[in-house]
Amino acid sequence: IPEQVCDRVLEMALDQPELSPRELAVTFTHEKRYSVSEASVYRLLKAHDLITSPAFIVMKAASELRDKVRRIRKQSGGLFFRQTRPASSGRRTSPV
């Protein structure tokens, strides 16, 4: 990517920090009429320390999933089923 384009992508990233690299690439391509890939935008942002830590995002998703599972367990009375035989020999379930 030419340096001028990199500067314009960085400027847009700083103006709109809520956009992901994918959203930024699409927005830049649409508004500036110059195609940049999501990977190129990601590498550019990472080189300038503008990418959030993936560990934080994973932890956020993990806690959200845990909360949803707890809510489902509470709504179902805690009753879950597990498979007791392999799927090929017929499906039978029993309470956990």
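**Two loop residues and two helices in a predicted model**

R33 is exposed, with a relative accessible area of 70%. R33 lies in the loop between α2, which covers residues 21–32, and α3, which covers residues 38–47. The phi angle of R33 is near 60 degrees, a positive value in a residue that is not glycine. Most residues other than glycine have a negative phi.

A second residue with a positive phi is D49, for which the angle is near 55 degrees; D49, too, is a residue other than glycine. D49 is found in the loop between α3 and α4, and α4 comprises residues 54–75. The relative accessible area of D49 is 70%, which is over the 50% cut-off, and D49 therefore counts as exposed.

The average pLDDT of the chain is 76, and 57% of the residues score at least 70. Among the elements of the chain, helix α1 (residues 3–15) has the highest mean pLDDT, at 94. The lowest mean pLDDT, 52, belongs to strand β2 (residues 93–95).

At 1.5 Å a residue, the 12 residues of α2 should span 16 Å. The residues P21, L24, A25, T27 and F28 of α2 are buried. These buried residues pack against α1 and α3. After α2 comes R33, with its positive phi near 60 degrees.

One of the buried residues of α2 is T27. The relative accessible area of T27 is 17%, and T27 is classed as buried because this value is under 20%. When residues up to four places away in sequence are not counted, T27 touches M12, Q16, L19 and K32.

In helix α3, the residue L44 was considered. L44 has a relative accessibility of 11% and therefore counts as buried, the limit being 20%. With neighbours within four places in sequence left aside, L44 is in contact with C6, V9 and L10. L44 and I1 are 43 residues apart along the chain, while their C-alpha atoms are separated by 9.6 Å.

Key
Residues are numbered from 1 along each chain as its sequence is written. This is a predicted model: local features need pLDDT of at least 70, side-chain atom pairs count only at pLDDT 80 or more; totals for chains, interfaces and linings use all residues. Side-chain values use heavy atoms; hydrogens and water are left out. Helices (H or I, at least four residues) and strands (E, at least two) are DSSP runs, numbered from the N terminus. Buried means under 20% relative accessible area, exposed over 50%, partly exposed in between (1.4 Å probe, protein chains only). Contact means heavy atoms within 4.5 Å. pLDDT is the predictor's confidence in each residue, from 0 to 100. The expected span of a helix is 1.5 Å times one less than its number of residues.
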